[in-house]
Structures are given as structure tokens and as C-alpha cells.
Amino acid sequence: MARRNEVAVLWDMDGVIVDTAPYHFAAWQQVFEKRGVKFTRAKFKRSFGRRNETIIPDILDKSISAAEIAAIAKEKEAVFRRLGRNKIQPFPGAVNLIQRLAERRVKMALVSSTPARNIGVVLSSLGIADLFQIVISGEDVAKGKPDPEGFLLAAERLVIMPGNCVVIEDSTAGVSAAKRAGMHCVAITNTRPRSKLVRADLIIDSLETVSVDDLKRLVL
């Protein structure tokens with residue numbers, strides 16, 4: 001049973017814990033260029049944080065079958081893992097804050113739109129896989145951010161009320177999903193300017209400046 005004074009922290013991964021953008025960009029470039037489409041940085045910025053099934057038909061600018069989308073997505077994610085394995089770097093302060101939260105016995109979940117295999121590669125390489133009680137991947141939900149489904153599912157599995165959750169996000173869609181879930185939200189400016197993150201309860205430029213108590217104060 002959830003306690004009234006309990007706090008949980010729900011983490012996004014890409015753009016919050018790790019800087020995966022260069023590897024996602026390179027993987028998408030390879031996949032789309034094989035199909036005669038130039039994938040620019042502008043297109044990447046527009047698509048970052050969205051689910052593969054929405055990115056692929058949008059970039060290819062045509063209607064394609066679910067089977068084709070799945071095949072392209074599988075190819076892209078395999079390229080991403082090959083390019084990024086043991087090379088992806090954490091953002092400053094991210095791993096340290098996760099470790100401090102674990103030491104203080106704060107419940108944590110990872111909620112990401114990325115496939116479970118990608119999450120496993122990243123968390124294992126950073127040595128923090130065991131610090132999250134719950135991991136929600138893009139395969140666990142029907143709808144991606146800004147829909148709150150992933151965050152609400154994480155709260156349910158952590159057995160904690162949404163209002164006692166603090167979400168750490170970097171995207172406009174992620175902040176929107178957190179607020180729609182009835183949760184508190186810390187937004188970090190790793191991938192978006194402050195002007196795109198104004199719905200968050202707290203906007204920061206680095207996780208190095210945030211303490212466990214800062215996060216708890218948003219709830220308690």
C-alpha cells in the first residue's frame with residue numbers, strides 16, 4: 001500500500017540520463033538514405049522523442065504497412081545499438097543522482113519510448129540497471145508521450161499515487177505527459193530550450209545542481 005509521504009522519481013532516458021542523440025541520428029540517416037531519403041538534423045530535431053511508428057511514415061512521407069514500419073524500426077534500432085554500444089555517455093550528474101536516490105531508498109522507474117533492448121544496453125553499460133524497480137519501454141504501452149500512459153503504468157507498478165511522483169524529462173511531449181498524469185515534473189534543458197519546457201514545475205540546466213531533497217520538496 002502506498003504511503004502518503006512517499007516519493008517516487010520517474011526518469012526518462014534519452015536526453016536525460018544519456019546523450020544518445022548522435023547515435024540515433026546516425027542510425028536514422030543510414031536507414032533512410034538506403035531508401036533514398038535524406039534525413040537532416042532539422043528532421044531529427046522534429047522527431048526526437050517520438051515513437052518509431054510515427055517517425056517512419058512521417059519521414060518517408062507515404063503510407064506504408066505496419067509490417068514495413070516494424071522492419072525499418074528493427075533495422076534502425078540494431079544500427080543504433082551497434083553504433084552506441086559502450087560509447088554512449090551519461091549527462092553530468094545523472095548517474096550520481098540516481099545512486100543517491102537509491103541510497104536514500106527512493107523508489108525509481110525508467111519510462112522511455114525506446115525499445116527494451118536499447119534500455120538494457122544503456123543501463124548495463126552505466127552499471128545502474130539494478131537501481132530501478134520498474135522499467136517501462138515503448139513496448140509496454142499503446143500510446144507514447146505526450147500521452148500519460150507510460151507514467152501512470154509506472155506509478156501503478158510502483159504502488160504509489162501519481163501525485164507523489166516526480167518525473168525528470170527533457171522534451172515538451174514528456175513534460176506534457178507528466179502533467180497530464182497528475183505528476184510533478186523537473187525539466188532539463190539538455191535537448192530543448194527553457195521556452196519549450198514552461199509547463200514543468202522546475203526547469204534546470206544540469207542534474208549536478210539537483211539534490212534528493214530538492215526532488216522530495218516538490219511533493220512533500
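Biologist: How many bridges join strand E1 to E2, and do the two strands run parallel or antiparallel?

Modeller: A word on the basis comes before the answer. This is a predicted model, in which local features need pLDDT of at least 70 and side-chain atom pairs count only at pLDDT 80 or more, while totals for chains, interfaces and linings use all residues. Residues are numbered from 1 along each chain as its sequence is written, and side-chain values use heavy atoms, with hydrogens and water left out. Helices (H or I, at least four residues) and strands (E, at least two) are DSSP runs numbered from the N terminus, and two strands pair if DSSP finds at least two bridges between them. Here, E1 (residues 8-11) and E2 run parallel, joined by four bridges. Trp11 has Leu110 as its bridge partner in E2.

Biologist: With which strand does E2 pair over three bridges?

Modeller: That strand is E3 (residues 134-136), and the pairing is in the parallel sense. Ala109 has Ile134 as its bridge partner in E3. Together with helix H6 (residues 116-126), E2 and E3 make a right-handed β-α-β unit. Right-handed means that, with the strands pointing away from the viewer, the path from the first strand over the helix to the second runs clockwise.

Biologist: Why is E2 described as largely enclosed by the rest of the structure?

Modeller: Burial is judged by relative accessible area: buried is under 20%, exposed over 50%, and partly exposed in between (1.4 Å probe, protein chains only). Four of the five residues of E2 (residues 107-111) are buried, so the strand is largely enclosed.

Biologist: What span does helix H4 reach from its first C-alpha to its last?

Modeller: The expected span of a helix is 1.5 Å times one less than its number of residues. H4 (residues 66-84) has 19 residues and reaches 27 Å, close to the 27 Å expected. Its buried residues include Ile69, Ile72, Ala73, Lys76, Val79 and Phe80. An α-helix has 3.6 residues a turn, so residues three or four places apart point the same way. Among the elements covering the buried residues of H4 are helix H1 (21-33), helix H3 (52-60) and H6.

Biologist: At what angle do H4 and H6 pack?

Modeller: Axes are lines fitted to C-alpha atoms, for helices over the stretch in contact, and angles run from 0 to 180 degrees between N-to-C directions. The angle between H4 and H6 is about 5°, and their axes are 10 Å apart. H4 is therefore roughly parallel to H6, a term for angles under 35 degrees. Glu77, Phe80 and Arg81 of H4 make the contact (heavy atoms within 4.5 Å) with Arg117, Asn118 and Val121 of H6.

Biologist: Is Lys76 buried or exposed?

Modeller: Lys76, which lies in H4, is buried, with a relative accessible area of 2%. Beyond its neighbours within four places in sequence, Lys76 is in contact with His24, Ala27, Trp28 and Val31. The C-alpha atoms of Lys76 and Val31 are separated by 6.0 Å, although the two residues are 45 residues apart along the chain.

Biologist: What is the phi of Asn86?

Modeller: Most residues other than glycine have a negative phi, and most peptide bonds are trans. Asn86, which is not a glycine, has a positive phi of about 60°. Asn86 lies in the loop between H4 and helix H5 (94-103) and counts as exposed at 66% relative accessibility.

Biologist: Which peptide bond is cis, with omega near 20°?

Modeller: The bond from Lys145 to Pro146 is cis. Pro146 is placed in the loop between E3 and helix H7 (149-158).

Notes:
Angles under 35 degrees count as roughly parallel, over 145 as roughly antiparallel, 65 to 115 as roughly perpendicular and the rest as oblique.
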